[in-house]
Every structure is written in structure tokens, then in C-alpha cells.
Number of protein chains: 2
Amino acid sequence: MALSMYQVTTPVFVRGLGVLATLLAKGQAHADATGVAHETMLAKRLAPDMLPLSRQVQIAADAAKFAVARLSGVDAPKFADTETTFAQLQERLANTVAYLESVTAAQLEGSETRSVTLSAGEFNPTFTGEGYLLQFALPNFYFHITTAYDLLRHQGVQIGKLDFLGPM
Amino acid sequence: MALSMYQVTTPVFVRGLGVLATLLAKGQAHADATGVAHETMLAKRLAPDMLPLSRQVQIAADAAKFAVARLSGVDAPKFADTETTFAQLQERLANTVAYLESVTAAQLEGSETRSVTLSAGEFNPTFTGEGYLLQFALPNFYFHITTAYDLLRHQGVQIGKLDFLGPM
């Protein structure tokens, strides 16, 4: 075996949330430069029944937080999803990263075989830790970061693919 | 160590490309039901300087193909990026999956330490296999699948988050 569960969780999530923080900062700067109200940018959706930019950020953060919490069993802080400004969303990301970094590699050891059951209405799958991470948590995490990127690009923010892939 | 390089590549990519194939099929059905020309749907972009849906599909397939090729050293088929129809894009996905499934777990063994250098204009990072997979290949793969999803949703296709996360 080549990779630990820690390697495929914490550094990946911390990196992705850092990318998201940078994307949001560029969005805020673009809004200020072009006179777009922050609340307008954060409320933008790609379809009427999709979630707005602010929720994409909250859910990306939670995707990382819940993944590490479920795999490690270490209680995670609760956030009320009340952020309405760029500054509050940045704080949410920072608080999430602080939690992620508080969980040690040892606390994630063996989590590939841990049983994880999700509960979302009629959707209640049970996974092994490995399946949960690779089939659910990581795609879900990247879904929300990418959709945040797409929402910013759709509003004219000057970001590019390397902003998404992050500093190498 | 908990996970092999194979576990974090081939099944993940095969699953993601299967999800993308299903999303595209639903897009095609929606176009037919609403009288939207297929070429119009496939040419849609979220920003004037972003790539259209058809390219998102091609690049998602290549992200998976190049990841396995670079990590395993097994030559991959070349595709000319000439697909202009849903049927041709489905064939591209199927041909990519066939290549991915032709590479064995043994051929990926040890690839976490393999040196991978990318060459894209001025962007020429060198990674370990592990860094390449986790910091570049997987985020890049999910970026293009998610953007394809977002492009379909933006055009009114009735798909939801569970279509993206795929059958569990």
C-alpha cells in the first residue's frame, strides 16, 4: 500500500480550501473594481434551483469537515451557515482548516475500514471509510469548489485554471 | 498505509467517467425533448473565454487517461479531439475507460514515488506520483466533470447532485 488515509484527506482538503479562499478574494476584488455589490455576487446561481455561491463555499467547507470527522471520530465544530459576507466566509474556511489541522494522522489510521453511514432524507448509504472518501467525500468536495469557481468565472472574475489547481 | 495507487486512480476515474456518460445522456434527452440543437448544447460555455461542454468532456477523459499513463508508463491511445456529437463523445468516454481498465494494479504499484513532469507552456512542474495524483490529476479530473454538470444544469437539464455522486 502506498498512501495513508491521512495523505488523501487532510492535506488535500486544506489545499482545496486554500484555493477556494484565494478564488473568493479575487471575486471580492473584482466586485469592488467593477461596482458589483458583494451580496449580488455571493447570491449568484447557475440555475434557479441550484445553490448560490455563498452556499457552495459553506458546503465545500463542510464536505471536508465531515469527511475528517466521520473518518477520525474527532468531534468537529458546528457552524450555523449564517455567513453573508466575504469576510465571514473566509473566517468559515479558516475555522474549518483549524479543525482539519487539529486531527492527527494517527487519529485517521485504520479509517479505511471504518463503517460510515450517511443520513440525508431517503439517501442513507453505508460505506467503508475508503469508499466513503473516494466515492463520496472527495467528489463532493471538488464539486462545490469547482462550482464556486464556475460561478465566479460566470460573473467575469479574472481567474484561470491555475488558480484552481493552486500553487504547485 | 491504507490505499494503493490503483485504488485511488482506476476505479475512481472509471466511476467518474461513467457518471459523465450518464449526465451527457440526460443532456441529450433534454435537448431532444425541448428542441434544442445538440450542437448548441455542446457548444455552451459559462464564460466567453471558458471551454465549451464538448471540450470539458474531452479534457475530463484525458485527465484520467494521462494520469494512468504517466503513473504506469503504459502507452495510452491518442484521440484527435474531433468529437462533435453526443454519440462521438460517448465513444470517447468508452474508449478511455477501455484503456484505463487495460492497466493492471501491478503496473501502478510503486508509482507514488515515480517522478512526473508536466509540460504545458510555461507551466512545467515536477511532482512525485503521489503529489501529481492528489494535487493535480484528481482535482483536474473533477473540475471538468463538475463543469460539464454545471453547463448542463445551466441549460435546464433535470439532473441533481445524486447524478453527480453516482449510484452508490
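Over the face of which residue does B:K161 lie, and at what distance from the ring centre?

## Charges over rings

In this predicted model, B:K161 lies over the face of A:F143, at 4.8 Å from the ring centre, and the two partners therefore belong to chains B and A.

## Aromatic pairs

When the whole structure is searched, 19 aromatic pairs are found over all chains. One of these pairs is formed by B:F127 and B:Y132, whose ring centres are 6.0 Å apart and whose planes meet at 55 degrees, so the pair is classed as tilted; the cut-off for edge-to-face is over 60 degrees, and that for stacked is under 30 degrees. Both partners, B:F127 and B:Y132, are buried.

Ring pairs also build a cluster that takes in residues of chain A and chain B, namely A:F13, A:F141 and A:Y142 together with B:F13, B:F141 and B:Y142.

## Packing of helix 3 and helix 6 in chain B

Helix 3 of chain B, which covers residues 53–72, packs with helix 6 of chain B, residues 129–154, at an angle of about 160 degrees, and the axes of the two helices are 9 Å apart. Because of that angle, helix 3 of chain B counts as roughly antiparallel to helix 6 of chain B, the cut-off for this class being over 145 degrees.

The contact between helix 3 of chain B and helix 6 of chain B comprises, by class, 17 nonpolar, 5 polar and 1 charged residues. As for handedness, the crossing of helix 3 of chain B and helix 6 of chain B is left-handed.

## Two individual positions

Is B:T84 buried or exposed? With a relative accessible area of 55%, B:T84 is exposed, because the class begins at over 50%. B:T84 is located in the loop between helix 3 and helix 4 (86–102) of chain B, and the C-alpha atoms of B:T84 and B:P52, which are 32 residues apart along the chain, are separated by 11 Å.

In chain A, A:D150 has its place in helix 6, residues 129–154. The relative accessibility of A:D150 is 0%, so this residue counts as buried, the cut-off being under 20%. Between A:D150 and A:H38 there are 17 Å in space, C-alpha to C-alpha, and the two residues are 112 residues apart in sequence.

Key
Residues are numbered from 1 along each chain as its sequence is written. Chains are lettered from A and ligands numbered from 1 in the order in which they are written. This is a predicted model: local features need pLDDT of at least 70, side-chain atom pairs count only at pLDDT 80 or more; totals for chains, interfaces and linings use all residues. Side-chain values use heavy atoms; hydrogens and water are left out. Rings of Phe, Tyr and Trp (its six-membered ring) pair if their centres lie within 6.5 Å; planes under 30 degrees apart count as stacked, over 60 as edge-to-face and the rest as tilted. Buried means under 20% relative accessible area, exposed over 50%, partly exposed in between (1.4 Å probe, protein chains only). A charge sits over a ring if NZ of Lys or CZ of Arg is within 6 Å of the ring centre and within 35 degrees of the ring normal. Axes are lines fitted to C-alpha atoms, for helices over the stretch in contact, and angles run from 0 to 180 degrees between N-to-C directions. Helices (H or I, at least four residues) and strands (E, at least two) are DSSP runs, numbered from the N terminus. Angles under 35 degrees count as roughly parallel, over 145 as roughly antiparallel, 65 to 115 as roughly perpendicular and the rest as oblique. A crossing is left-handed if the near helix is turned anticlockwise from the far one by less than a right angle, and right-handed if clockwise. Ala, Val, Leu, Ile, Met, Phe, Trp, Tyr, Cys and Pro count as nonpolar, Asp, Glu, Lys and Arg as charged, and the others, Gly among them, as polar.
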